[in-house]
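Hi everyone, thanks for coming along.

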Amino acid sequence: MLSSEEEGGVLLTFNSAGNGQVLLGAEEAGGVLHVLNEIGERVAGISTDDDGNGVMGVYNRNGEGRTLEPRPQ
């Protein structure tokens with residue numbers, strides 16, 4: 001799937017069951033990459049925050065996990 005909005009666009013790839021697997025996009029704050037598991041739940045992501053800093057996260061199937069963000073300066 002490929003879509004475009006005023007703030008950016010999205011490219012989403014699917015597995016043979018029709019579930020999303022990888023989302024690559026652009027938002028107002030910067031780029032976004034989400035990795036989804038076999039049933040389409042987000043398990044990892046890389047993006048930018050509103051200040052332009054990088055953010056990385058890894059999550060379990062319940063959405064619980066850890067996020068790595070730069071320390072405030």
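Let me begin with a definition: helices (H or I, at least four residues) and strands (E, at least two) are DSSP runs, numbered from the N terminus. With that in hand, the protein chain reads β-β-β-β-β-β-β along the sequence. In other words, there are 7 strands and 0 helices.

Two quick notes on where the values come from. This is a predicted model, in which local features need pLDDT of at least 70 and side-chain atom pairs count only at pLDDT 80 or more, while totals for chains, interfaces and linings use all residues. Residues are numbered from 1 along each chain as its sequence is written, and side-chain values use heavy atoms, with hydrogens and water left out.

Now the overall picture. Taken along the principal axes, the C-alpha atoms of the protein chain fill a box of roughly 45 × 30 × 10 Å. The protein chain has 73 residues, and 18% of them count as buried. Buried here means under 20% relative accessible area, exposed means over 50%, and partly exposed is in between, using a 1.4 Å probe and protein chains only.

Next, the pairing of strands. Two strands pair if DSSP finds at least two bridges between them. Let's go along the chain from strand 4 (30-36). Strand 4 and strand 5 are antiparallel partners, with 5 bridges. Within that pair, Val32 is found opposite Ser47 of strand 5. The hairpin of these two strands has 5 residues between them, and Gly40 there has a positive phi near 90°.

Strand 5 also pairs with strand 6, antiparallel again and over 5 bridges. Ser47 turns up here too: its bridge partner in strand 6 is Val55. In this hairpin, with 5 residues between the strands, Gly52 takes a positive phi near 85°.

Then strand 6 and strand 7 run antiparallel, joined by 4 bridges. Val58 stands opposite Arg66 of strand 7. Their hairpin has 5 residues between the strands, and Gly63 has a positive phi near 85°.

Here is a bit of background for the surface. In a regular strand the side chains alternate between the two faces of the sheet.

So which residues form the nonpolar patch on the surface? They are Leu2, Leu11, Val22, Leu24, Leu33, Val35, Ile46, Met56 and Leu68, with about 800 Å² of accessible area together. Strand 3 (20-27) and strand 4 are the elements that give two or more residues to this patch. Patches are built from residues with over 30% relative accessible area and no salt bridge; like charges are joined within 9 Å, and nonpolar side chains (Val, Leu, Ile, Met, Phe, Trp, Tyr) within 5 Å. The accessible areas come from the Shrake-Rupley method with a 1.4 Å probe, and for residues only the protein chains shown count as cover. Take Met56 as one member to click on: it sits in strand 6 and is partly exposed, at a relative accessible area of 46%.

Glu5, Glu6, Glu7, Glu27, Glu28, Asp50 and Asp51 gather in a surface patch of negative charge. For this count, Lys and Arg are positive and Asp and Glu negative, with His and the chain ends not counted. A charge is placed at NZ of Lys, CZ of Arg, CG of Asp or CD of Glu. Asp51 lies in the loop between strand 5 and strand 6, and with 67% relative accessible area Asp51 is exposed.

Last topic: salt bridges. Side chains of opposite charge can pair when their charged atoms come close. The rule used here asks for a side-chain nitrogen of Lys or Arg within 4 Å of a carboxyl oxygen of Asp or Glu. How many salt bridges does that rule give? The count is 2.

One joins Arg61 to Glu38, with the closest N and O atoms 3.4 Å apart. Arg61 is in the loop between strand 6 (54-59) and strand 7 (65-68), and Glu38 is in the loop between strand 4 and strand 5 (42-48), so this pair ties together parts 23 residues apart in sequence. Arg61 also forms a salt bridge with Glu41, where the closest N and O atoms are 3.3 Å apart. Through shared partners, Glu38, Glu41 and Arg61 make one network. Arg61 is partly exposed at 49% relative accessibility, and Glu41 is partly exposed at 26%.
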